[in-house]
Amino acid sequence: MNIAVIGPHPDDQELAMGGTIAMLVGGGHRVTLVDMTTGEPTPFGSEEMRAKEAAAAAKVLGVQRVAVGLKNREVVHSIEARHRVAAVYRELRPNVLFAPYGDDAHPDHVAVTRIAEDARFDAKLTKSAISGAPWYCKRIIYYFCTHLRIHFPASFCVDVTGHWQKKIEAINCYQSQFYTGRSGSDHGSVVRYVTTIGQYFGGTINRGYAEPFYAEEMIGLQSLDGLVV
């Protein structure tokens, strides 16, 4: 299966669903991380540093990354942004899209979700100026980011116990975001928070770690072989 994971900034995909990404890659699926922005500026990062960190995390997970080139902190849901992302869909031709859950404290994340959804529609249009041949992504699934402290309304969880350490290894590639310039309880606090979430959702399915997802469209199963019981 061909899968694209849309991230507002490099590290969002790894934080939310790094274990699932590792599992998918291990299962022979093609996974591409689509970075809408470079994530800069940040207090302790730089364009060059973030690019190196993102490349290192991609190597850990065994995936490719592509950059859309929108401006961090100023992402706007616009026709231009939609068509730029639709062109990426046409190039990658994914069967499944993962995008951030739409309820978020970060304006970039909210805009990215709308762009990802509408670009899915735009990518299938004929007689358009969008580059590439028309393509329609059959399914969109939402992952949960870390900015808004809400009770995640998860539709299902993926058991990622066997892939958790690879997820943490990928997250730890982003030293500028989670460790540099931080001390005391703030040093690595985001990684600890993500670990707590993983353990909580793992507990809901009687596993060590799990990642939650939300789906508006019906999820179909061909068998119950993969069902956690």
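Predicted model: local features only at pLDDT ≥ 70, side-chain atom pairs only at ≥ 80, totals over all residues.
Asp-186 counts as partly exposed, because its relative accessibility is 40%, where partly exposed means between the limits for buried, under 20% relative accessible area, and exposed, over 50%, with a 1.4 Å probe and protein chains only. Arg-182 is also partly exposed, with a relative accessible area of 22%, and the side chains of Arg-182 and Asp-186 meet in a salt bridge at 3.9 Å, N to O, a salt bridge being a side-chain nitrogen of Lys or Arg within 4 Å of a carboxyl oxygen of Asp or Glu. Elsewhere, salt bridges that share partners join Asp-11, Glu-40 and Arg-50 into one network.

Residues are numbered from 1 along each chain as its sequence is written, and side-chain values use heavy atoms, with hydrogens and water left out.

The structure holds 12 salt bridges. One of them joins Asp-122 to Arg-82, with the closest N and O atoms 2.8 Å apart; this pair links distant parts of the chain, since Asp-122 sits in helix H4 (residues 107–122) and Arg-82 in helix H3 (residues 79–92), 40 residues apart. Helices here are DSSP runs of H or I with at least four residues, and strands are runs of E with at least two, both numbered from the N terminus. Are these two partners buried or exposed? Asp-122 counts as buried because its relative accessibility is 2%, and Arg-82 counts as buried at 17%.

Another salt bridge is formed by the side chains of Arg-65 and Glu-14, at 2.7 Å, N to O, and it connects strand E3 with helix H1 across 51 residues of the chain. Both Arg-65 and Glu-14 are buried.

That brings me to the sheet, which is open and has seven strands in the order E3-E2-E1-E4-E5-E7-E6, with mixed pairing, where two strands pair if DSSP finds at least two bridges between them. The edge strands, each pairing on one side only, are E3 (64–67) and E6 (156–159). In general, strands of a sheet pair through backbone hydrogen bonds, either parallel or antiparallel.
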